[in-house]
Amino acid sequence: VQQCLERQAQYAGLNAFVTRASATQLQDAASTIDDSNKFNDSALVGRTIAVKDNIVTKDYPTTASSKILDEYKSPYNATVVDKLISAGALICGKTNLDEFGMGSHTRPTFTSATQSPFKREGQPLSAGGSSGGSAVAVATGQAWAALGTDTGGSVRLPAAYTGTVGFKPSYGRLSRWGVIAYANSLDTVGTLTQNVGDARIIFKALDQFDHMDPTSLSKTVRDRIAGQTTAWTENRRLRIGIPLDYNTESLSPEVRTTWSRLLQSLQDAGHSLHAVSLPSTHQALSAYYVLAPAEASSNLAKYDGVRYGHRTSGPDANPKENLPLFATTRGEGFGPEVQRRILLGAYTLSSEAMDNYFVQAQRVRRLVQSDFDNVFALQNPLLDTRTERSSDTANVDVLIAPTAPTLPPTLAEVEKLSPVEMYMNDVLTVPASLAGLPALSVPVKLGGGAKEAVDIDSVGIQVIGQFGDDELVLQVGQVIE
Ligand code: GLN
């Protein structure tokens, strides 16, 4: 607690938090733990955990870094928050994000951006996003660990940019009850930690069926997963897939070199490498940017100035005026990126565009899923029968690929990016999201060939596993960290 308070004061300028716990709040919570012995066997006792500000908490406001939820306070905790607290963890504040999780650099419109603690030639670097506040809180020791959310890469990208470990479990393993929906068929609660072992501790504490979340994996599926995954043994020889389609032109030399050096060292350690093809990868990004905004436009319809947060105070609140209350409220309350996505989503769901966009994107999503099913040795536990496989199937245990195409850009460089250039950054994280697969970003020491002087000395490398194979993904993460 003491360290958390000191670091929070020291690093306040990085703006990792939207709301910080007060010293009294933390000390009171800590003393309740001291007085009780019910937490004896929990590894989370007394650990300070920061929570992304799109996960609701009853002791702190939850804003999703949006003006539309200004000063909103939930009457209940998200299930994941309750589970942390009942395991003895201390919630040390709410972390900054791109508004509603829409973005990759933690630059909300109505409040300040989060800064990475790393710099290039004196220029602050992007912390990644949208869980950049959580990543910076962990990277600077302001929290022992943090919760984030990952819809298309929002836990993995900031982890890669800040030298931390970001874990996105399989879709449906951790409860989404109390997580503010961005694109609910993709939204996944994830963790940011200093090492893979800590990610496993939190995952174990949260990995349970929740009847409050209709997409929580049922006991039947959980049993099936447990039945088909094999226990890890120290001398296991892994079959590692190298997705050739991830070796895009946009990969920077330092990222490519670090990736290939890591693969070489895994081969030297006795694991086997297999080139695999995931051909639908090239359409995955476009499909994601149709599906995610479509779901967002529907999920964000409820912010109308009547039920939650901000409500316009101008004359337009008067129903006699031409514009209804909700239109003015939404115009004021949502930033430009959120408005762009609402419009995009409303368009692709409209009757004239639906077949060309939304329906096609759903088809691409299926293709992305079957690409993955075609390369993993393990059968997808969500399917009753094994899909037809091509004869040259590689049967791999995990895939290993970079998390982001480049090292973090400076915040000044980010300013100059167009929305589409910004979306391109998610090209390597989005496929696993569309298929709901477990994916872990681990910092790997920068390989040779670094052209620029950077004071971040690691590249985020992703381990992607078959649906439900979360435990293996974490094990492999420990092998490479
Ligand atoms: N950058 C992606 C987006 O803006 C992913 C965000 C996320 O995972 N929440 O949609």
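The model is predicted. Helix H4 (residues 132-139) is largely enclosed by the rest of the structure, because 8 of its 8 residues are buried. The UniProt record, an unreviewed entry, places an "active site" feature at Lys52, Ser130 and Ser154. These positions span 103 residues in sequence, yet no two of their C-alpha atoms are more than 11.0 Å apart, so they gather at one spot.

**Helix H4**

- The buried residues of H4 are Gly132, Gly133, Ser134, Ala135, Val136, Ala137, Val138 and Ala139.
- They pack against strands E1 (17-20), E2 (48-52), E3 (90-95), E6 (145-150) and E8 (188-193). Helix H5 (156-162) is also among their packing partners.
- Just after H4, Gly141 has a positive phi of about 70°.

**The annotated serines**

- Ser130 sits in the loop between strand E5 (123-124) and H4.
- Ser130 has 35 C-beta neighbours inside 10 Å, so it counts as buried; the cut-off is 20 or more.
- Leaving out residues up to four places away in sequence, Ser130 touches Leu97, Asp98, Gly101, Met102, Gly103, Ser104, Thr106 and Ser154.
- Ser154 lies in the loop between E6 and H5.
- Ser154 also counts as buried, because it has 36 C-beta neighbours inside 10 Å.

**Ligand shell**

- There are 14 residues around the ligand; Gly101, Ser104, Thr151, Gly152 and Ser154 come nearest.
- By class, the shell has 3 nonpolar, 9 polar and 2 charged residues.

**The sheet**

- An open sheet of 11 strands runs in the order E1-E3-E2-E6-E8-E7-E12-E13-E11-E9-E10, with mixed pairing.
- E1 and strand E10 (272-276) stand at the edges. Each has a single partner strand, so one side of each is left without a neighbour in the sheet.
- Neighbouring strands of this sheet are turned by 30° against each other on average, direction ignored.
- Strand E7 (residues 165-168) and strand E12 (residues 439-445) run antiparallel and are joined by 3 bridges.
- Gly166 stands opposite Ser441 in E12.

**Helices on the sheet**

- Helix H8 (residues 253-268) lies across strand E9 (239-243), E10, strand E11 (398-402), E12 and strand E13 (458-465). H8 runs at about 55° to E13.
- Helix H16 (residues 470-480) packs on the sheet and touches E11, E12 and E13. The direction of H16 makes about 150° with that of E13.

Notes. Residues are numbered from 1 along each chain as its sequence is written. This is a predicted model: local features need pLDDT of at least 70, side-chain atom pairs count only at pLDDT 80 or more; totals for chains, interfaces and linings use all residues. A residue is buried if 20 or more other C-beta atoms lie within 10 Å of its own, exposed if 12 or fewer, and partly exposed in between; C-beta atoms are placed from the backbone. Helices (H or I, at least four residues) and strands (E, at least two) are DSSP runs, numbered from the N terminus. Two residues are in contact if their C-beta atoms, placed from the backbone, lie within 7 Å. UniProt positions are given in the numbering used here, feature names are shortened, and annotations may be inferred rather than shown by experiment. A residue is near a molecule or strand if its C-beta atom, placed from the backbone, lies within 6 Å of it. Ala, Val, Leu, Ile, Met, Phe, Trp, Tyr, Cys and Pro count as nonpolar, Asp, Glu, Lys and Arg as charged, and the others, Gly among them, as polar. Two strands pair if DSSP finds at least two bridges between them. Axes are lines fitted to C-alpha atoms, for helices over the stretch in contact, and angles run from 0 to 180 degrees between N-to-C directions.
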